[in-house]
Every structure is written in structure tokens, then in C-alpha cells.
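Please keep the sequence and the structure in view while reading.

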Amino acid sequence: MAVRLGDTAPDFTAETTEGTIHFHEWLGNSWGVLFSHPKDFTPVCTTELGTVARIKPEFEKRNVKVIGLSVDPVDSHRGWAKDIEETQGVALNFPVIADGDRKVSDLYDMIHPNASDTFTVRSVYVIGPDKKVKLMITYPASTGRNFAEILRVIDSLQLTSQHSVATPADWQKGDDCIIVPAVSDEQAKEKFPEGWKTLKPYLRMVKQPGS
């Protein structure tokens, strides 16, 4: 069964490099990023796990927990972690799920048979504190993920979940935002007392709330 935006992220119990976790319990009141890897000891994934370990403080600043997944067992993950530290210059500092029975992969529809009937694709799920799926991105096996983009999207998701705004194309934290169409001009006067710029009646640009 496919997971779609707005669905409750499937809960599961799994073995990881940091012991057994119950996913929803592990998330607690945090945001979460779950991202899958085709298998251990693969070159692109090695760079990705190193990158996430390196920028983990950026996720923590945003109250985000990160967790990886591969179909190989925990012992294999631990051996791979040594290679990651050696080649990427940073130690693995977040859990990686051992999904040998493909239970989690199936729950999250991570195996795409036309790409591979045994290995997970490079899926990314951003999950909110309400356990709802907020973002899904799927990459082919040959293309490494852009984690700066994932952080950018999390900034947008967290901002727009608290304020009546949307973020425009290529938005970066601190840039102007768009007042959502559901907010009338009268309501906008209360929400955005400093004013906004109307480009079209449906396109009203406003300074980022809280910036």
C-alpha cells in the first residue's frame, strides 16, 4: 500500500544500530526524517550517511531526528559505519534500521520493482510531530540526495505549519513569503500588521513571520 502526503506514517518496531526502536515512540514530539538505502557498502550511500552525520546539528536545531534504513543486518551496518568514518571523516551518529525482512520497506513502499525487486530506492520521508507524512522524495540509485534541500523544505514546513503563509520557488530561510489565498485582506491586516506587497490579488508577498 502506498504512503501518501498527509497519511499517518506507518508505525513499526525494528532493530537498528542503536538497539530496538518503536518508531512513533522514538519520534516522540520531534519531527523525523526516514531515508532508505539500497544496501550497505554502496558508494553513493556512504557519502550520504557521512553527510547526514556531519550536518546532524542542523537537524537537531530544527527538532528533527534522522534515521536511515538498509535491507542488510545490524552487523553489516556496523562494519559499514567504520568505512563511513574512514572515508567521510565523521562517525555515524544516528540509528540505521536493519530491514532484512523488508517489513519497513513494504510499509513505506520503498521497493519499486521496475527499478529493483530486492533493493530499496532512495526514499526520503519527512514526518511531523503529529506523525503525518509531510514530504516524500524518491531518487534513483545513481543520484545522491541533496540534504541542503531537505533542510530547506523542513524550514518551510515548520514555518508554514505555524503561520498562514506559503513559500515561493527557491525560497530560503529569511526570504519573503506568500500569504495563503484562504486569508482575506481583512484577516491579513490582523496577521501581518506591517503590511505586504500585492502583485496580484492572489499573490501577496510578505516578510517572513518571525524574521
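In this predicted model, S156 lies in helix α6; helices (H or I, at least four residues) and strands (E, at least two) are DSSP runs, numbered from the N terminus. S156 is buried, with a relative accessible area of 13%, because buried means under 20% relative accessible area, whereas exposed means over 50% and partly exposed in between (1.4 Å probe, protein chains only). Leaving aside residues up to four places away in sequence, S156 touches T167 and W171, where contact means heavy atoms within 4.5 Å.

Residues are numbered from 1 along each chain as its sequence is written. As the model is predicted, local features need pLDDT of at least 70 and side-chain atom pairs count only at pLDDT 80 or more, while totals for chains, interfaces and linings use all residues; side-chain values use heavy atoms, with hydrogens and water left out.

**Overall form**

The protein has 7 helices and 11 strands. Further values for the protein are listed below.

| Property | Value |
|---|---|
| C-alpha trace along the principal axes | about 60 × 40 × 35 Å |
| Buried share of the 211 residues | 46% |
| Share of contacts with a separation of 6 or more that join residues 24 or more positions apart | 65% |

**The nonpolar cores**

A nonpolar core is a set of buried Ala, Val, Leu, Ile, Met, Phe, Trp, Tyr and Cys residues joined through side-chain atoms within 4.5 Å. The largest one holds 25 residues, and V33, F35, F59 and F94 touch the most other members. Two or more residues each come from β3 (31-36), α2 (43-54), β4 (64-70), α4 (74-88), β6 (122-127), β7 (133-139) and α6 (147-162). The greatest contribution to this core is that of α6, with 6 residues. Not counting residues up to four places away in sequence, V33 is in contact with F59, V64, K65, V66, I67, V124, Y125, V126 and I154. Another core, of 18 residues, lies apart from the largest one, and its members include W26, L34, M110 and Y125.

**Helix α2**

The 12 residues of α2 should span 16 Å at 1.5 Å a residue, and its end C-alpha atoms are 17 Å apart, which agrees; the expected span is 1.5 Å times one less than the number of residues. Within α2, the buried residues are C45, T46, E48, L49, G50, V52 and A53. Their cover includes β3, α3 (56-61), β4, α4, β6 and α6.
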